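Here are my notes on the model, as numbered points. Please read them beside the coordinates.

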Amino acid sequence: MKVPVSSKHLQISKANSTIMTVVAIATIVTVFCLVSSKALLSQATYQNRLISAKNATVKQLETNKGAADQLVNHYKTVFDDSGPVNLIGGKNDKSALAAPPDVDNTKLVLNALPTTYDFPALISSLSKIMNSNNMGSPTISGTDESVSANNQPSATPQPVVIKISMSGQNSYGGVQRLIRDLERSIRPFDVTSLQLNGSQSFMNVGLNLNTYYQPAKTLTAGTKEVR
């Protein structure tokens with residue numbers, strides 16, 4: 001025998017169903033909002049990091065541009081407006097046939113510190129200096145390390161020492177001129193020891209020298225991942 005369900009019970013059951021539905025929808029909406037908020041917060045944090053990285057890049061580019069403009073101005077001052085005398089006291093001659101010490105300052109700077117180890121060229125340069133000073137019995141000695149020399153460009157290149165010995169005969173004045181020409185050479189020479197013996201008119205001279213080369217510097221544009 002069925003027990004009739006009153007209208008009040010039906011209303012209560014319907015109300016419970018409605019409440020359950022509302023609670024379920026509210027739960028879904030709440031979970032969705034939490035997930036969305038987390039995703040939006042993560043995206044906003046990433047965008048802030050990205051904007052900061054872009055601002056730092058722009059600032060670095062502006063600094064680099066300022067340094068480049070300053071370098072151009074210095075170049076014009078040293079090379080274009082330097083007058084008739086070069087940095088080592090010779091003529092500031094820009095012609096293709098100019099020879100040291102009478103060359104323009106651009107060649108002086110570019111050739112002052114070679115980027116590759118070239119032992120034969122070094123010996124040839126020193127021989128020319130000795131011959132131009134009429135050195136008697138000129139001798140130049142050193143160890144050719146072309147096989148083991150490092151000529152590879154790098155981000156932080158360092159000067160590499162090359163040791164050379166020289167000897168010959170000349171008057172005291174001729175020896176002075178030899179030292180002067182070594183000092184005025186495009187390529188830097190450090191005299192580490194000097195031996196002299198003889199008279200004012202005929203003197204034996206021996207020198208130990210250090211000179212240098214420096215591998216080229218590489219400039220690279222890097223990338224950075226923003227997470």
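1. Is Tyr117 buried or exposed? Tyr117 is buried, at a relative accessible area of 9% (buried means under 20%, with a 1.4 Å probe and protein chains only). The model is predicted: local features need pLDDT of at least 70, side-chain atom pairs count only at pLDDT 80 or more, and totals for chains, interfaces and linings use all residues. Residues are numbered from 1 along each chain as its sequence is written, and side-chain values use heavy atoms, without hydrogens and water.

2. There are two aromatic pairs (ring centres within 6.5 Å; stacked is under 30 degrees between planes, edge-to-face over 60). Tyr117 and Phe119 are stacked, because their centres are 6.3 Å apart and their planes lie at 15°. Phe119 is buried too, at 9%.

3. Tyr117 also pairs with Tyr213, edge-to-face, with 5.5 Å between centres and 70° between planes. Tyr117 sits in the loop between helix 2 (105-112) and helix 3, and Tyr213 in strand 4, so this pair ties together parts 96 residues apart in sequence. Tyr117, Phe119 and Tyr213 make one aromatic cluster.

4. Now the helices (DSSP runs of H or I, at least four residues; strands are E, at least two). Helix 3 (residues 119-132) and helix 4 (residues 172-184) have axes that come within 9 Å and cross at roughly 145° (lines fitted to C-alpha atoms over the stretch in contact, angles from 0 to 180 degrees between N-to-C directions). Leu126, Ile129, Met130 and Ser132 of helix 3 meet Leu178, Asp181 and Leu182 of helix 4 (heavy atoms within 4.5 Å).

Terms used:
Rings of Phe, Tyr and Trp (its six-membered ring) pair if their centres lie within 6.5 Å; planes under 30 degrees apart count as stacked, over 60 as edge-to-face and the rest as tilted. Buried means under 20% relative accessible area, exposed over 50%, partly exposed in between (1.4 Å probe, protein chains only).
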